[in-house]
Amino acid sequence: QMMILLLQFVLHNWGDDDCVRILNRAKEAISTREPKGKVVIIDTVAGLASSKQTFEAQGLMDICMMLLTTGEVRDEEKWHGLCMNAGFSRCKINPILGSRSLIELFP
């Protein structure tokens, strides 16, 4: 039975270094037994907006993240970079939830 760890609206609140630490811990948790699991992230991916309104909402959210936290709204390239820096072998991004995307990370 594969273990799945879900991080919903968590990582956009954190800077890159903290995200890598969080993802490292998640990778450890899903890799402790066979078969190895996966990490599922539900969060915004900049540039994958399905409409003009969604794109504008992503921009406003990014401004809020910069003002209130150390986080940001990341684009596909930044998400892939975080995943690779945390030691994951593959990152699959599916823009299926309006302004949010389903991001799957595999050890």
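This report describes the cysteines, the ring contacts and one histidine of a predicted model.

**Cysteines**

A disulfide is a covalent bond between the sulfur atoms of two cysteines. The model contains zero disulfides. Cys 83 takes part in no disulfide, and its nearest cysteine sulfur, that of Cys 91, is 3.4 Å away. Because a disulfide requires the two sulfur atoms to lie within 2.5 Å, the 3.4 Å from the sulfur of Cys 91 to that of Cys 83 is too far for a bond. Cys 83 counts as buried, at 0% relative accessibility. Cys 91 is also buried, with a relative accessible area of 10%.

**Aromatic rings**

The count of aromatic pairs comes to zero.

**His 12**

His 12 is found in the loop that runs between strand E1 (4-8) and helix H1 (16-30). Is this histidine, His 12, buried or exposed? His 12 is buried, because its relative accessible area of 8% falls under the 20% limit. The side chain of His 12 makes a polar contact of 2.9 Å with the side chain of Asp 43. A polar contact of 3.4 Å also joins the side chain of His 12 to that of Asn 13.

Definitions and conventions. Residues numbered from 1 in each chain as written. Predicted model: local features only at pLDDT ≥ 70, side-chain atom pairs only at ≥ 80, totals over all residues. Heavy atoms only, no water. Buried < 20%, exposed > 50% of the residue type's maximum accessible area, 1.4 Å probe, protein only. Phe/Tyr/Trp six-rings, centres within 6.5 Å; stacked < 30°, edge-to-face > 60°. Helix = DSSP H or I, 4+ residues; strand = E, 2+ residues; numbered from the N terminus. Polar contact = N/O pair within 3.5 Å; in protein donor to acceptor, adjacent residues only side chain to side chain.
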